[in-house]
Amino acid sequence: MVCKYLIAAAVSIFAAASASGQSINNPRKVSNVTLLDLEGKPATLPMWGEKNLMIFYVDPDHHKQNAAFTEEMEENHRAEGENLYGFGVMNLKDAPMVPNGLARKMAAKRTAKNGATVLADQDRKLSTEWDLGDCNNLFVLLIVNKQGELVYMKKGEMSEWDKEQFYNFIEQYK
């Protein structure tokens, strides 16, 4: 009986650690997926295997979640480095009220100003193939190393503690 409670407690602790956005204890191999570029043409994840990837997987219904954090990163350059490539992926399947073409058009307008790379995931392909779990209504920050291993995941709003933990973690991948 005690063993049952210890296992349940261990599972709860692991789930809390994963949700808080810490590094993944057992990095798992993920594959490059084919999504869509902003013109609706098939595109794979850029710089796969060449650089460590920082991926912002965003539900367009909640695109402003962590907006202050992403603006802060643009301003302070703490997450930049020659071995790290950052880009966005719009999780369109979880935003049924936003027409896919309109979302891609709005993203293209914004990227024309800031030069960012943004891809569109119309069928939850990234979250399904990488077994990310429920990403609906969430900003998901992912780090995939050059070897194709998912080493970091944070879902939802970033607290100040989460931000500092992320900045410390990303140092080894810059």
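Student: What percentage of the residues of the protein chain count as buried?

Tutor: This is a predicted model. Of the 174 residues in the protein chain, 40% count as buried.

Student: Why is Ser 127 called buried?

Tutor: Buried means under 20% relative accessible area. Ser 127 has 4% relative accessibility, which is under that cut-off, so Ser 127 counts as buried.

Student: Where is Ser 127 found, and which residues does Ser 127 touch, not counting those up to four places away in sequence?

Tutor: Ser 127 is in helix α4, which covers residues 125-129. With those neighbours left out, Ser 127 touches Tyr 57, Asp 121, Leu 132, Gly 133 and Cys 135.

Student: What elements does the protein chain have, and in what order do they run?

Tutor: There are five helices and eight strands. From the N terminus on, the order is α-β-β-β-β-α-β-α-β-α-β-β-α.

Student: Which residues of the largest nonpolar core touch the most other members?

Tutor: That core has 21 residues, and Leu 45, Ile 55, Trp 130 and Leu 142 are the ones that touch the most other members. At least two core residues come from each of β4 (52-58), β5 (84-91), β7 (139-144) and β8 (149-155).

Student: What makes it a nonpolar core?

Tutor: The members of such a core are buried residues of listed kinds, Leu, Ile and Trp among them, joined through side-chain atoms within 4.5 Å. In soluble globular proteins, nonpolar side chains tend to be buried together.

Student: Which residues is Leu 142 in contact with, leaving aside its neighbours within four places in sequence?

Tutor: Leu 142 is in contact with Leu 53, Met 54, Ile 55, Tyr 57, Leu 126, Trp 130, Leu 132, Leu 150, Tyr 152 and Met 153. Another core, of 18 residues, lies apart from the largest one, and its members include Met 54, Met 73, Phe 139 and Val 151.

Student: How much space lies in the largest pocket, and which of its lining residues are the closest to its centre?

Tutor: The largest pocket holds about 1,200 Å³ of space. It is lined by 36 residues, and Glu 74, Arg 110, Asn 114, Ala 116 and Val 118 are the closest to its centre.

Student: Which element gives the most to that lining?

Tutor: β5 does, with seven residues. The lining divides into 19 nonpolar, eleven polar and six charged residues.

Methods:
Residues are numbered from 1 along each chain as its sequence is written. This is a predicted model: local features need pLDDT of at least 70, side-chain atom pairs count only at pLDDT 80 or more; totals for chains, interfaces and linings use all residues. Side-chain values use heavy atoms; hydrogens and water are left out. Buried means under 20% relative accessible area, exposed over 50%, partly exposed in between (1.4 Å probe, protein chains only). Contact means heavy atoms within 4.5 Å. On a 1 Å grid over the protein atoms alone, a cavity is a set of points where a 1.4 Å probe fits but cannot get out, and a pocket is an open set with protein on both sides within 12 Å along at least five of seven lines; lining residues have an atom within 4 Å of a point. Grid points are joined across faces, edges and corners, and a volume is the space filled by probe spheres set on the points. Ala, Val, Leu, Ile, Met, Phe, Trp, Tyr, Cys and Pro count as nonpolar, Asp, Glu, Lys and Arg as charged, and the others, Gly among them, as polar.
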